[in-house]
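Welcome! Have the viewer open beside you, and let us walk through this protein one neighbourhood at a time.

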Amino acid sequence: MKIGLFGYGKMGKMIEQIAQDRGHTIVAKIDDPSQEADYTSMDVAIDFSTPEAAFDNITNCFRNKVPVISGTTGWLDNYSEAIKICEDNKSAFIYASNFSLGVNIFFELNKHLATMMAELEQYKVSMEEIHHTQKLDAPSGTAITLAEGIIENSPYKKWELDKSGDKIIPIKSIREGTVPGTHSIAYDSPVDRIEIKHEAHNREGFALGAVIASEWIQEKVGIFSMKDVLNLS
Ligand SMILES: NC(=O)c1ccc[n+]([C@@H]2O[C@H](COP(=O)([O-])OP(=O)(O)OC[C@H]3O[C@@H](n4cnc5c(N)ncnc54)[C@H](O)[C@@H]3O)[C@@H](O)[C@H]2O)c1
Ligand SMILES: O=C(O)C1=N[C@H](C(=O)O)CCC1
């Protein structure tokens, strides 16, 4: 495949390495808005840019019939508009807050645990995410996906940063050193704590998942998710 990278930072460089190891060619490395993209050279675009840049990067690809894999977080207020532009242009799109196999398994584990805990009012849930100090958004996109999984499978109604309350999931965001990404969910009662945790050791899992998703989306039209790619029940 010929891959266009939108965002050539920590993730873009890791994706380049893994894509080339898998025999693909990087035909563009767009790292700021002043750069022109040659969409005709791309079989797929992989966007790991910034919350401010993602929507324009993604939708310009759709208008040029380039399917998109986006991992950029912090832009989801515009997600519905993005998928409409994708559908109007008969293109293809996968957004994932986290592309790693481990976190996508963790997403399913989280939903199963939330279902088991839903009626046990003596337990109160809380979440924590830890990332490197260069991260622009908080809470992480992964934490938001986890919180949404709890809300869909329990009486909880919303999440808040650093704020608890009735039917509210409090999320604590910690920025520390070069941490790639650690997420934990805890259920505390007066007598005990149940906790699940995912810890990324590096960015390889995120990048490999994104490249596998870009291979999967070839020749497809529509809006998909990593559950489709990984065939997770
Ligand atoms: N979904 C996942 O699995 C996953 C994993 C890791 C990171 N992320 C997300 O990916 C994004 C990037 O993470 P990172 O660690 O690579 O950040 P980074 O800051 O290292 O890289 C972002 C790059 O985007 C560039 N950029 C700025 N404006 C741009 C524009 N208009 N067009 C193209 N590029 C532009 C910056 O110059 C920078 O090099 C973040 O939103 C992060 O949350 C997602
Ligand atoms: O390094 C980051 O930034 C990460 N962002 C994603 C998120 O916001 O969940 C995935 C984990 C790493």
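Let us begin with His24, which sits in the loop between helix H1 (10-21) and strand E2 (25-30). Keep in mind as you look that this is a predicted model.

**His24 and its surroundings**

- Is His24 buried or exposed? With a relative accessibility of 12%, His24 counts as buried, because buried means under 20%.
- The side chain of His24 comes to 3.1 Å from the backbone nitrogen of Met1.
- If you set aside the neighbours within four places in sequence, the contacts of His24 are Met1, Ile3, Ala19, Val211 and Glu215.

**Ile3, a contact of His24**

- Ile3 belongs to strand E1 (residues 2-6), and its relative accessible area is 0%, so it is buried.
- Which residues does Ile3 touch, not counting those up to four places away in sequence? They are Ala19, His24, Thr25, Ile26, Val27, Ala28, Val44 and Ile46.

**The parallel sheet**

- Strand E1 is part of an open sheet of six strands, which follow the order E2-E1-E3-E4-E5-E11 with parallel pairing.
- Why is one side of E2 and of E11 left without a neighbour in the sheet? These two strands stand at the edges, so each has a single partner strand.
- On average, neighbouring strands of this sheet are turned by 20° against each other, direction ignored.
- Zoom in on strand E4 (residues 68-70) and strand E5 (residues 92-95), and you will find three bridges pairing them in the parallel sense. One residue to look for is Ser70, whose bridge partner in E5 is Tyr95.

- Ile223 lies in strand E11 (residues 222-224). Its relative accessibility is 29%, so it counts as partly exposed.
- Along the chain, Ile223 and Phe93 are 130 residues apart, yet 5.0 Å separates their C-alpha atoms.
- Not counting residues up to four places away in sequence, Ile223 touches Tyr79, Ile83, Cys86, Glu87 and Phe93.

- Strand E6 (residues 124-131) runs antiparallel to strand E9 (residues 182-188), and seven bridges join them. Lys124, for example, has Asp188 as its bridge partner in E9.
- Which residues of helix H5 (residues 141-151) are buried? They are Gly141, Thr142, Ala143, Leu146, Ala147, Gly149 and Ile150.
- Those buried residues of H5 pack against H4, E6, E7, strand E8 (168-175) and E9.

**Around ligand 1**

- How many residues surround ligand 1? There are 23, and the closest are Lys10, Met11, Asp31, Thr73 and Phe99.
- An oxygen atom of ligand 1 lies 2.9 Å from a backbone N or O atom of Met11.
- A polar backbone atom of Ile30 is 3.5 Å from a nitrogen atom of the ligand.
- In the side chain of Lys135, an N or O atom is 2.9 Å from an oxygen atom of ligand 1.
- Ligand 1 has 860 Å² of accessible area on its own, and the protein covers 81% of this.

**Around ligand 2**

- The residues around ligand 2 include Thr73, Ser97, Asn98, His131, His132, Lys135 and Thr142.
- A polar side-chain atom of Thr73 is 3.3 Å from an oxygen atom of ligand 2.
- For His132, an N or O atom in the side chain lies 2.8 Å from an oxygen atom of the ligand.
- Thr142 places a polar side-chain atom 2.6 Å from an oxygen atom of ligand 2.
- Of the 310 Å² of accessible area that ligand 2 has on its own, the protein covers 86%.

Notes: Residues numbered from 1 in each chain as written. Chains lettered and ligands numbered in written order. Predicted model: local features only at pLDDT ≥ 70, side-chain atom pairs only at ≥ 80, totals over all residues. Heavy atoms only, no water. Pairing = 2+ DSSP bridges. Helix = DSSP H or I, 4+ residues; strand = E, 2+ residues; numbered from the N terminus. Buried < 20%, exposed > 50% of the residue type's maximum accessible area, 1.4 Å probe, protein only. Contact = heavy atoms within 4.5 Å. Near = heavy atom within 4 Å. Polar contact = N/O pair within 3.5 Å; in protein donor to acceptor, adjacent residues only side chain to side chain. Areas by Shrake-Rupley, 256 points an atom, 1.4 Å probe, with all protein chains shown as cover. Axes fitted to C-alpha atoms, helices over the stretch in contact; angles between N-to-C directions.
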